[in-house]
Amino acid sequence: MSRTVPWHSVHEPVYHNNTLCSGGRAANIAGSRDGSNGKRICSECEQLNLISSGSASTPTEFARRPA
Ligand SMILES: [Zn+2]
């Protein structure tokens, strides 16, 4: 499970909630705080969450499949 509770760095305008996010891991080291603090989600976390939730899962595979 890569999704977790939100955290943010005091040095960034965004929050993270995915442990696979490279920016989030850096933020976890430098000045990490719990919660979103009213910030918007980091774009990398947003993408990772879409992939892990399955909503961005290979639409081309469906298109390729014969009816
Ligand atoms: Zn992130």
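Two strands count as paired if DSSP finds at least two bridges between them. Keep that in mind for the chain on the screen, which is a predicted model.

I'll start with strand E2, residues 14–18. E2 is joined to strand E4, residues 40–41, by 2 bridges, so the pair meets the cut-off of at least two. These two strands run parallel. Within this pairing, Tyr15 stands opposite Ile41 of E4.

E2 also pairs with strand E1, residues 3–9. Here there are 3 bridges, and the strands run antiparallel. The link between E1 and E2 is a hairpin of 4 residues.

Now, is E2 covered or open? Mostly covered: 5 of its 5 residues are buried.

Next, the core. The largest nonpolar core has 6 residues: Val14, Tyr15, Cys21, Cys42, Cys45 and Leu48. E2 and helix H2, residues 43–53, are the elements that give two or more residues to this core. As a general point, nonpolar side chains in soluble globular proteins tend to be buried together.

Leaving out residues up to four places away in sequence, Tyr15 touches Pro6, Trp7, His8, Ser36, Asn37, Lys39, Ile41 and Cys42. Among these, Ile41 is the residue opposite Tyr15 in E4, and Cys42 is also in the core.

Last, confidence. The mean pLDDT of the chain is 84, with 79% of residues at 70 or more. Where pLDDT is low, the predicted coordinates should not be read in detail.

How values were computed
Residues are numbered from 1 along each chain as its sequence is written. This is a predicted model: local features need pLDDT of at least 70, side-chain atom pairs count only at pLDDT 80 or more; totals for chains, interfaces and linings use all residues. A residue is buried if 20 or more other C-beta atoms lie within 10 Å of its own, exposed if 12 or fewer, and partly exposed in between; C-beta atoms are placed from the backbone. pLDDT is the predictor's confidence in each residue, from 0 to 100. A nonpolar core is a set of buried Ala, Val, Leu, Ile, Met, Phe, Trp, Tyr and Cys residues joined through C-beta atoms within 7 Å. Two residues are in contact if their C-beta atoms, placed from the backbone, lie within 7 Å.
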